[in-house]
Amino acid sequence: MPSQRPGSVSNNSHTVVSLDDVRAAAERLDGVAVRTTLLTSEPLSELAGVPVYLKLENEQPTGAFKLRGAWNFVSRITAENRRLGVITYSSGNHGQAVAFAAKRLGLRAIVVMPETAPKLKIDRIQSWGGEVVFAGVTSASRRERALELAEFHGYNVVPPFDDPDIIAGQGTVGLEIVEQLPEVSHIAVPVGGGGLLAGVTVAASALLPDVDITGVEPEGSAALRIALREGQVTKLSETNSVADGLLPLAIGELPFRHVYKKVNSVVVKDDTIISTMRWLLEHHNILAEPSGAVTSGALRGGVLDLSGPTVLIVSGGNVEPDAMRIS
């Protein structure tokens, strides 16, 4: 079970997440998370010259993959600590997932969001019963405020990515991909804090040691690329992108330990992300938020080098159509 005391973030930075952990998370998620569609994309396959599939995490009840990790964490909080409620810090999708899990389990949930958070994500957190608090515009600002509130009130802190239970839950995406497409040779994963990338790497590489895994970041928030180059987590001075879910100043320490020397990294420009959102809607009727469109954008932008069957993870779809500037 999560080992942190109320009012603190777990400090399991040396914990190794295993395939067994991911499989245990999959059991907990049975009946909660959706086994999402793996959709063949004929246009992208034609462009790439290899079979290309889209893993549609926008089908989750909260509209994004974050439900997997949040449920795996929150459902394991002890009965004694549940009465204190939970708090998290999020640009939106993780907050929705925590609010969803808390409501289903009968817990109070507080979500600290940036002042620039999209209204759609604020409304959806509140629709799940979450209480929203605003703090600054950076991930550091909202984390600091969440920890202050947790310390004062005793809330259980649910970290967005730098935790073994979160990583194990997100890893169920990779588990499903391998089950749905055993011949997969390449998986492209959106990267913010790195929880999804780490989980997919744990699951997929354990089952398919030769699989290639690429982390995809917006050009204005390339923390993974720098960390891989430097061989250590390096904090950016600032981040800026239309992909509001991929803007941490640094990849998490624990996720980085799970992906270093196991993954590649590419970056995508914002105009490519926006045009890809439009393209996914027009060609596949998929409403993808900017963070969910980066993997398809990487392929359309010519920065992914593919050699076999490839899965592009569409991580979420929580966006208003107007945000895509579609006339």
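The structure is a predicted model, in which local features need pLDDT of at least 70 and side-chain atom pairs count only at pLDDT 80 or more, while totals for chains, interfaces and linings use all residues. Residues are numbered from 1 along each chain as its sequence is written, and side-chain values use heavy atoms, with hydrogens and water left out.

**View 1. Helices α1 and α3 cross at roughly 90°.** The axes of α1 and helix α3 (residues 66-74) come within 10 Å, where axes are lines fitted to C-alpha atoms, for helices over the stretch in contact, and angles run from 0 to 180 degrees between N-to-C directions. The two helices, α1 and α3, are therefore roughly perpendicular to each other. Ala-25, Arg-28 and Leu-29 of α1 make the contact with Leu-67, Arg-68, Trp-71 and Asn-72 of α3, contact meaning heavy atoms within 4.5 Å. Helices (H or I, at least four residues) are DSSP runs, numbered from the N terminus.

**View 2. Helix α1 also packs with α9, at an angle of about 115°.** The axes of α1 (residues 19-29) and α9 are 9 Å apart. That angle makes α1 roughly perpendicular to α9. On the α1 side Leu-19, Val-22 and Arg-23 take part, and they meet Val-202, Ala-203, Ala-206 and Leu-207 in α9. By class, this contact of α1 with α9 has six nonpolar, no polar and one charged residues, where Ala, Val, Leu, Ile, Met, Phe, Trp, Tyr, Cys and Pro count as nonpolar, Asp, Glu, Lys and Arg as charged, and the others, Gly among them, as polar.

**View 3. Helices α8 and α9 cross at roughly 45°.** The axes of α8 (residues 164-180) and α9 (residues 195-207) come within 7 Å. The angle makes α8 oblique to α9. Among the residues of α8 that meet α9 are Ile-167, Gly-171, Val-173 and Leu-175, while those in α9 include Leu-196, Gly-199, Val-200 and Ala-203. By class, the contact of α8 with α9 has ten nonpolar, five polar and no charged residues.

Notes. Parallel < 35°, antiparallel > 145°, perpendicular 65-115°, else oblique.
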